[in-house]
Every structure is written in C-alpha cells, then in structure tokens.
Amino acid sequence: MSSSHPKGKGQGRGPHNGFVRGVPMNFAECETQLSQLIRLLEFCRRGEGAVAVVTSPMAAGKSRLLRAFSEEALKTGAVVVSATGSYAESSLPLGLLGQLLHNAPTQGEDPSSAFGEQGPVALGSALEAGGRESAQAMETLREALLSVAGDRPMVIEVDDAEYTDSLSLKCLLYCVRRIRSAPVLVVLTGTESPRLDRSLELRELLGLPYCHRIRLPLLSERGVARGLREELGLVDAERHAPVWHHLTGGNPLLLRALTEDQPIHPAAERDPGEPVIGPTFRQAVLSCLERCAPETRAVLHGIAIFNETVPTALVASLVGMDPVTVGLHIHTLNEAGLLAGGRFRHPHVRTAVLSDVEPEQRARLHLDAARLLHDASAGAVTVASHFIASERTPPAWSLPVLRDAARSTLVHDQVDVAVRCLELAHKVATEPADRAVLQVAAAMAEWRVDPGRSMSRLPSIATALRAGTLRDHNAVLALRALLWHGRVDEVVDLLHRTDGIDDTGARETVGRWLAACFPSVREVSAEVPGPQAPRPSALVTGGPDMTAAVALTTVLGGGNPDDAVSRAEQVLESARLDDVTLEPLTLALLTLVYADRLDVASRWCERLFETARERDATCWAAMLGAVHGEIALRRGDPESAELFASAALRRMSTTSWGVAVGLSLSVRVQALSVMGRFAEAESVLNEPTPEALLKSRYGLGYLYSRGRLHFTMRRFRAALDDFLACGDLMKAWEMDLPGFIPWRADAAAACLRVGKPKLARQLVRDQMERPGAQQSRPKGGALRVLAATGDLKSRPMVLRESIDHLQRSGDRLEMAHALADLAHAQHELGQLEHARMTLKLAAQIARECRARPLLDSLIGKVRNAADDNEATKDTEGFTELSEAEWRVATLAARGDTNREIARRLFITVSTVEQHLTRVYRKLEVMGRGDLPAKFNQITAGVGSH
C-alpha cells in the first residue's frame, strides 16, 4: 500500500476528503487486518478453505474493510458473493441466503434454480421438513454455490452476521463445515455486542480449526494524530490528538465527522485548540445509534436520561432489562467510543442521543427515572432534575421533594433551577396555603437576580394575602415585596382588612417596616409603638425584619443611637445574607451609617458585598453596592461613591430597583456634583423614577441630592427650595435627624447666598439643637455654616472646631470646604502666610477628593497668596498626575495595598503597579513609603494657626 497521501503532506481537505495514505481514513490502522484476509485468500487459492470472523466495535470500519478486501479479491480473479444482515430481516426465514443467491454472479444457470421454480421457498420447505430432506436440500445449496465459481477461488461475505436469520445461518454452517479442502473463503463480520456473543451458530464457527478471528479495534491516539495531520494539515497533530481521541474514543466515524465540523483556516492558522462540535458530529452520533441493536439503543437512551453514573440495576429497571444484559450493552458502548466508563464523553453526545427519543417517550422515561431514584433514596435535587426535564406535571408525591430541591439549589446559587422546582411544586400542591407559600418562595428566589421578574407573581400573592392564606413570616415577606415595588396603598388596604392579615406579630412587623421605609403612611405606622419604646416581645419574636426596622426608626426618630446601633449589629451578626435577609441587613447597615458609625458599617458592607459578588447575586450586589456608595460619599470619596452607585444601577433596571433606586440615584448625583460632572448629574435626575419614590425614605435623599446639584451649579434659590421641601417631609415624617440628612445646614448655606443671613443663622442653630446633632459629621458641617453667619474675628475659631469634628468623622470633602473658608477668613484678617498654607492644604484634600469645582476655585487663590514660584513649588509634581494616577497615589499614601486599591477602583493589580511606577517618577520619590511625607509636606504649620 502507498505510504504517502495523494495530495502530499499537510495539504488539508480536497477531493480525497476522508482518506489517509491512499485508503479511507477509517482504515488508518487496519493494514494488518486487510493483510490477514489477503493471506487467507492465498491459502484459498491452494485449495485450503477457511473461515474468517471479523469483529469490531460499532462503526469501527469493518464494512469498509470488507469492501476493500472484496476489491482485492476480485483483482485476483476470485468470485465474490456477498450479503448483508439487517435487524429488520433477521426474522425473515432464509432472507440472507436469498441475498447470497440473488447476488451470485451467473455465467449460466441461476444457482437458485437448483431448487426448482420456487427457488428459496422450496429450500425453506425442505429445511423445515427436517431429517434427510433437510440435509439433501443443504447439500444441493452447497453445490449450487460452488458451481458459481467454477474452477476459480470463491469468497462468500456476510456483513453484520449477527442479524442473519437462523435458517440462513444453519445453511451457511453446513457449507462451512464442508469447505476445508475447497477453494472457498467465508468472511463474516459482526459488531461486538451481546447479540453477537449469544449467537450459538457463530460460537460453533469460532470453534472450527480453520476459523480465524480477526478484530478491528478503534483508532489509537497515534492513528488519530495521523488522521488530523492528513485531514486538517496539522503539523503538530500529536499535541492535539489526546483531546480529539478523548472526544471520539477513536471511533473513525465520529472522528471524521468532527474534522468536517472544523472551520477551514489558512495553513498558518491551523491550530484548532478545542475542537468545534457541530451538526456533522451530532449526526454521526445518530448514525451510530442507527447501527445499534434496539436493545443497545434502549440502554443508551436510559443512560442519557439519567445523565450520571447510576447503578446498572437502575438503568435496567428503566429500560426493562436484566442488569447483566444491560452491563453487556454498556460494555459494547464503551468499546464503541460512545461512552467512557459508562458515561458520555461530551454533553453534545448526550444531546444527540436524547434527540433520538420521541418527546412523549422522553417525558415518560424522566418521570420513571425520578421514581426509581426516589425509591433508591437519591437526593432531592437529583430527583427533581428529572421532573424538570420531563416538562410534565409531576405526581403528587413529588411535592416535598421539589421543596427540598428548591432549598438546596438556592444554597448553591442555582436560582433558575430553584424557581423551576417551586413552580412545579405549585402545580402539584392542592392546598391554597401551600400554593401561596410556594409563590412567595419563588418570588424571593427570583429577587436575588432580578426583582422585576417577581412582579408577575404579585397579583396572586396579594390575592392570597386578602384570603388570609399567608401567615406569619411569609405574610411579612409578601408585604415587603409589594412595598419594594411601591404598592403602598395595597399594603395599607391589606393591613386594614380583618379577613386578611390577622397575625399580630406580622401586622406589627410590617407596620415597623412602613415606618422605616414609607413614613408617609402615617395612619398605619402610627399604630405601632414609637421608636422610643419598642415592644420587647416583638424584638424577641420578630426576627431580623422587626429588629432592623426598629433600629432604623430609632435612629431616624432621634431615639437612643447606642440602642439602635446595638440592634443593627445584632442583625448583622446573627443573620446570614440570603434572599430573605437582604433588606433587614440593608436597614441595619444604614442604621450604622446614619448613627455616624461609618467604620463599622464599612467593614460589614465590604464583607457582605464580597459575598454577594462571589455568589453572583445581582440584587444583593446592587443593593449593597448602593450602601457602599453612601458610605464612600460620607467619607468624602465621591469618586468611589460614583463608581459604586453607577455599578449598582447597571446591575438592575429601574423597574427591578423599585423605590430603592433612590439610594443609588442620590449618591450618584451628589458624587457627580462634587466632581463637577454636572451634565451627567442632570441626566441622572432626568431618568424616570417610580411614582412612589417621593413617598418613601429614599425620596428624601433624592430631593436632597437635587438640591446639592443646584447649589454646586450656583442655582441657590432652586437649591433652597429643594432643601426646605426635604426638611418639611422629614419633619412631617418624624425623621428630622441631622445624621440622616443635614438639610438645615445646606439650606442655611443657600440662604447666605440669596441674602437671608438671619434665616441662615436660625436654621443652623435649630440643627445644632436636634437629636444627634453632636455627631462629628453633622456638627462639623453645622459649625462651618455657623461661622459664616458670625463676625469675622470669631470665624477662625469656629472653623477650627468644625475642622476638628470633620477630621474625626472622616469626611475629608467637607473638611476641604471648611479649610477653604478658614483660609478666606485668615486672608481677610491679614494672616497671609497662614492663609496660603491653609489654602494649599484645602487644595490638596480637594484634589484627593476629586472635587474639581472646589479645586479650581482654590488653585488660583493658592497661586495669588504668594509669589508664583513659592506658591506652586510644593504642588508642582501633583499637577502632573493624571486622574487615574492621582486616585492610586492617594490610596497608596494612606496605606492601602495594591490588591485593596485594585478592588476599590475596579482595576487590575497590574494596572495599579503601572500607575505607581509613573507616580514615583513624577513626584521624584523612591517608593510608596515616601508618598505620605510627600502628600503631607504642604500641611505643615496649619494646625498651629
């Protein structure tokens, strides 16, 4: 045989697609088997009759081998008579023998005429008669077949001999026993299978001394590499061969199909990496199934249904066979390369096999598999997967299984699977209470990825609430869902109905929730105890919902902040983040924020936010990201605040956010305002918002942020209107806490700009008398405005006190404003050197905070405070830094690690390192250890002035 490809090495596909070394690819490693058959033919020429039984795994190329041998035999002058067995004709008496007689080449009389006019029919009758008549008929057949060849060697070929009918096989055996000294070679091929192993006639053949068994195996990795090199032109085919061999098992039919699925690239780009599995490969799998015996095919269907390693007994029960037989079929499928260790080599193989099953039969098999697995004590998730795959309503006994599966899959963050389990359970459940609870559970599961998905369930949930079929905690969850989407009136109506929510604990918990989130609904929230005197029993039995709501209403209502913080930390320490606890945990975090416990709130928020990101929980990450942005904003870090808020808004649509969108919107507007990105801030305010937003606590922040934007853009009267409107609502809703929103201080600052100093002074005095006004952040801000309302001589002292409070609170942005005011006062008092240094410090902090409008107003003042060279010497390096470099340098100077900086700024560690390298060069420092000193060098002396 030729040792080279007709097209030359590495030529890729062409007219000989599918051929290797001059013969079909399927024969890449069958030269030995072909040589064995040719050698037997040579013995035949010498009058030595023989039998060859060629076996191979399914689709290994035995039929092609037989055809190639036929061509060789014909070239030598032998007579070839052939027939092919088939399952459809395996029960047809003498069907295969009829093929042989029909296909026999005739030079004269038809061999079937030896049996008279009726031909094989007469032969069949004789054989069925038995005894002497049967023997005589078979002898007549032998002579008739031999007469075809005359004096030439004869080859009798039977492909797929396992499907030969019994009478034909009986006649062949008779002939084979009598060819020892005749120039006859009988070649039988068969696919290795339980059917072939059970054939008594074939076993008898194999026992003959002149019978030769030839096995054609699947391709080895070396054979696969050879095919890849010739078919795809891969020079380094050996490197890719293991992957291709694993996918196909070395099955030539599958391998050829896989090569045909690959895109054609120029020779320089022929590196396929992971093979593309396409329609040709899937069709080849189906072709393999068509070659299987029905029993083998059924076993493969059963394995595809289970899609996992299960005991053979389960597969046997599913397909109605005994385990031993099933084990033999699995061995056959392993040998054929369709399976490896009883499992599919690739999901696409299973997909193709499942497509071979009719939909109704597939549904029935999945339901039967679920029952078998349940009886075998399989896990709920495994059993439920078959109910889902069946796409049919499960049986009644599945209800607890589906519930358990939903709980388990939610723990492992398989939200879609959990929702499907709950929906199926809802179809199975017959009790209204069970159906209502399942609807709530499905809504809460969907909440994790997109609260908007749950909106379609709200009508049926509301109906269940009216009917009184939702009680206790489930009622609270249902009402919370309605509130999230702003359906406040509906919740109020449900709470007032006597035939709906009749559980006192649930009613009180929701009342607390309304007071915390929708204080505009006074008629309901007023029915529960006030923030100063929460009912102790409610805190014990209410769970995180009640505790978190009480904590927030306590701090916002001016109650004991330490008590509120204690309750918030109780929720954070005891409640694990999940679909039910997200909102209580959010309220607890905001309690800490409004109580001015930013460090504690930040630690908890970062921990919970990381959990949300790791578990790919969209809603969790969005909500916690919004809180993270609020914390960053209060720390004077508008850039981080904007990053968190914008990322939170991208994670969910406004519809999905519900009224909670106000938190992210307000943070983003304020942050953009501080950074001077006014057009972006105004576009955020132009986005549509839920109608109920301004009835909620989140609406207060929205109004306040709009006022801050107006103020920064010097639209002072519009700003004053928004601040006063915000204040009116806060007073009416009994949430007038400076730590929440210091509206009076901002309104006072606006009053000073529109010529109302008396009102400004009164507003700031009123704020300083409010509960919580002594917290560092609100007090520092109030003192700054108060200084502006007083005489010039006393102003520096008040501003220094303001700066001390703001420094303790960590609000560097507000401290920069206070320093700027102090520098202005010092300049007016003639303290020019002090003013210059204070201005430089204010400019430095403004730059760190990315407060562009403030920084722009300060840089000119710094340069005018002294001669140009001296004023700009210390800040010269800083002005060369890009915004990205400045952000990284600021965080590095305060001690953050590269990994912490990367996580905070949403960039890679490598990017952080590149920015720092440029920062060191521009600032002329040796490393990050020198950054703090460089950043602080302009601050020297300010504290003593």
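Biologist: Are helices α20 and α21 roughly parallel or roughly antiparallel to each other?

Modeller: This is a predicted model, and what follows should be read as a description of that prediction. The axes of helix α20, which spans residues 415-428, and helix α21, which spans residues 432-447, come within 9 Å and cross at roughly 165 degrees. Because an angle over 145 degrees counts as roughly antiparallel, α20 and α21 are roughly antiparallel to each other. The crossing of these two helices is left-handed. On the side of α20 the contact is made by Val 415, Val 419, Leu 422, Ala 425, His 426 and Lys 427, while α21 contributes Arg 435, Leu 438, Gln 439, Ala 441, Ala 442, Ala 445 and Glu 446. Sorted by class, the residues of this contact of α20 with α21 are eight nonpolar, two polar and three charged.

Helix α32 (residues 618-634) and helix α33 (residues 638-651) have axes that come within 8 Å and cross at roughly 160 degrees, which makes α32 roughly antiparallel to α33. Their crossing is left-handed, and the contact draws on Thr 618, Ala 621, Ala 622, Gly 625, Ala 626, His 628, Gly 629, Ala 632 and Leu 633 of α32, together with Ser 640, Ala 641, Phe 644, Ala 648 and Arg 651 of α33. The class composition for α32 with α33 is eight nonpolar, five polar and one charged.

In the other pair, helix α40 (residues 757-768) packs against helix α41 (residues 776-789) at an angle of about 155 degrees, and their axes are 9 Å apart. That angle makes α40 roughly antiparallel to α41, and α40 passes α41 in a left-handed crossing. The residues that meet are Ala 760, Arg 761, Val 764, Arg 765, Gln 767 and Met 768 from α40, and Pro 778, Ala 782, Leu 783, Val 785, Leu 786 and Thr 789 from α41. By class, the contact of α40 with α41 has eight nonpolar, two polar and two charged residues.

Leu 783, listed in that contact, also leads on to helix α42 (residues 795-809), where Ser 802 is found. Ser 802 counts as buried because its relative accessibility is 0%. Apart from its neighbours within four places in sequence, Ser 802 is in contact with Gly 780, Leu 783, Arg 784 and Ala 818.

Further along, Pro 853 lies in helix α45 (residues 852-864) and counts as partly exposed, with 26% relative accessibility. Pro 853 and Met 675 are 178 residues apart in sequence, yet their C-alpha atoms are 6.7 Å apart in space. With neighbours within four places in sequence left aside, the contacts of Pro 853 are Ser 673, Val 674, Met 675, Gly 676, Phe 678 and Thr 712.

Elsewhere there is an open sheet of five strands, in the order β4-β5-β6-β3-β7, with parallel pairing. Strands β4 (79-84) and β7 (211-215) stand at the edges and have a single partner strand each, so one side of each is left without a neighbour in the sheet. From one strand to the next the twist averages 15 degrees. Strand β3 (residues 50-56) runs parallel to β7 and is joined to it by five bridges, with Thr 55 standing opposite Arg 215 in β7. Helix α2 (residues 62-75) packs on the sheet and touches β3, β4, β5 (154-159) and β6 (184-191), its direction making about 165 degrees with that of β5.

Terms used:
Residues are numbered from 1 along each chain as its sequence is written. This is a predicted model: local features need pLDDT of at least 70, side-chain atom pairs count only at pLDDT 80 or more; totals for chains, interfaces and linings use all residues. Side-chain values use heavy atoms; hydrogens and water are left out. Axes are lines fitted to C-alpha atoms, for helices over the stretch in contact, and angles run from 0 to 180 degrees between N-to-C directions. Helices (H or I, at least four residues) and strands (E, at least two) are DSSP runs, numbered from the N terminus. Angles under 35 degrees count as roughly parallel, over 145 as roughly antiparallel, 65 to 115 as roughly perpendicular and the rest as oblique. A crossing is left-handed if the near helix is turned anticlockwise from the far one by less than a right angle, and right-handed if clockwise. Contact means heavy atoms within 4.5 Å. Ala, Val, Leu, Ile, Met, Phe, Trp, Tyr, Cys and Pro count as nonpolar, Asp, Glu, Lys and Arg as charged, and the others, Gly among them, as polar. Two strands pair if DSSP finds at least two bridges between them. Buried means under 20% relative accessible area, exposed over 50%, partly exposed in between (1.4 Å probe, protein chains only).
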